[in-house]
Amino acid sequence: MIDHWTTPHWATPIPEVSYYIGMNLIWDPASSKVWDAFHREHGGALQQSWGYGAALDRLGVRVHRAIAELDGRTVAIAQFICRRVPAYLTLSSCTRGPVWAPDLEPQARRALYRRLRSELPAPRLRVTLDRKSTRLNSSHVSESRMPSSA
């Protein structure tokens, strides 16, 4: 048994790591072909459709899309809508998503959603609003690609 008080954080096992092995994220794919087919096959919400994101993009809203593949098979798609607010903050939301393959285990879904939030290519300080809650905590706020002051 691991004593979390004396064991360094880097030695603590992370159960979701096994789901990362073989997991590939493709950010901002150029073609809608795979996206539309997966969205249609799995009954995705309008807010996760390629066309919805394209319309928002034309209105000046930043859209980031991710296709998740596990062992070469698409298992999820996620479309994040990002808005800059004054100062250095970016708000992002994956409204009514991600769209999951039905056979993807709940543990893998949680691990993948954590990875999507952490790797979202939004600049500076970013806050990701969860679909189940709009309460913010420290796990929702992350720094991304902050320029170092030299």
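At 3% relative accessibility, H64 counts as buried, because buried means under 20% relative accessible area, whereas exposed means over 50% and partly exposed in between (1.4 Å probe, protein chains only). The place of this histidine is in strand 2 (residues 62–70), where strands (E, at least two residues) and helices (H or I, at least four) are DSSP runs numbered from the N terminus. The model is a predicted one, in which local features need pLDDT of at least 70 and side-chain atom pairs count only at pLDDT 80 or more, while totals for chains, interfaces and linings use all residues. Residues are numbered from 1 along each chain as its sequence is written, and side-chain values use heavy atoms, with hydrogens and water left out.

Leaving aside residues up to four places away in sequence, H64 touches W27, D28, A78, Q79, F80, C82, L120, P121 and A122, a contact being heavy atoms within 4.5 Å. With D28, the side chain of H64 makes a polar contact of 3.0 Å; such a contact is a pair of N or O atoms within 3.5 Å, and within protein one must be able to donate a hydrogen and the other to accept it, with residues adjacent in sequence counting only if both atoms are side-chain atoms.

Most residues other than glycine have a negative phi, and most peptide bonds are trans. D28, in the loop between strand 1 and helix 2, has a positive phi near 50° although this residue is not glycine, and D28 is partly exposed, with a relative accessible area of 34%. D71 lies in the loop between strand 2 and strand 3 and has a phi near 55°, also a positive value in a residue other than glycine; with a relative accessible area of 67%, D71 is exposed.

The peptide bond that runs from G97 to P98 is cis, with omega near -5°. P98 itself is found in the loop between strand 4 (89–93) and strand 5 (99–100).

## Aromatic pairs

A pair of aromatic rings is described by the distance of the centres and the angle of the planes. Two aromatic pairs are found in a search of the whole structure, where rings of Phe, Tyr and Trp (its six-membered ring) pair if their centres lie within 6.5 Å, and planes under 30 degrees apart count as stacked, over 60 as edge-to-face and the rest as tilted. W27 and F80 form a tilted pair, at 6.2 Å centre to centre and with 40° between the planes. Because W27 lies in strand 1 (residues 23–27) and F80 in strand 3 (residues 73–85), this pair ties together parts that are 53 residues apart in sequence. F80 counts as buried, at 0% relative accessibility.

The rings of W35 and W50 have centres 6.0 Å apart and planes at 70°, so that pair is edge-to-face. It links distant parts of the chain, with W35 in helix 2 (residues 33–41) and W50 in helix 3 (residues 50–58), 15 residues apart. Both W35 and W50 are buried. Over the ring of W50 sits the charged end of R65, 3.8 Å from the ring centre; a charge sits over a ring if NZ of Lys or CZ of Arg is within 6 Å of the ring centre and within 35 degrees of the ring normal.

Helix 4 (residues 106–119) has 14 residues, which at 1.5 Å a residue should span 20 Å, and its end C-alpha atoms are 20 Å apart, which agrees; the expected span is 1.5 Å times one less than the number of residues. The buried residues of this helix are A108, A111, L112, Y113, R115, L116 and R117. S118, also placed in helix 4, counts as partly exposed at 48% relative accessibility, and a polar atom of the S118 side chain lies 3.1 Å from the backbone oxygen of R115.

V127 is found in strand 6 (residues 124–129) and is buried, with a relative accessible area of 5%. The C-alpha atoms of V127 and S92 are separated by 6.2 Å, although these residues are 35 residues apart along the chain.

## The chain as a whole

The secondary structure comes to four helices and seven strands, which run α-β-α-α-β-β-β-β-α-β-β from the N terminus on. Of the 150 residues, 37% count as buried. Among contacts with a separation of 6 or more, 55% are accounted for by residues 24 or more positions apart.
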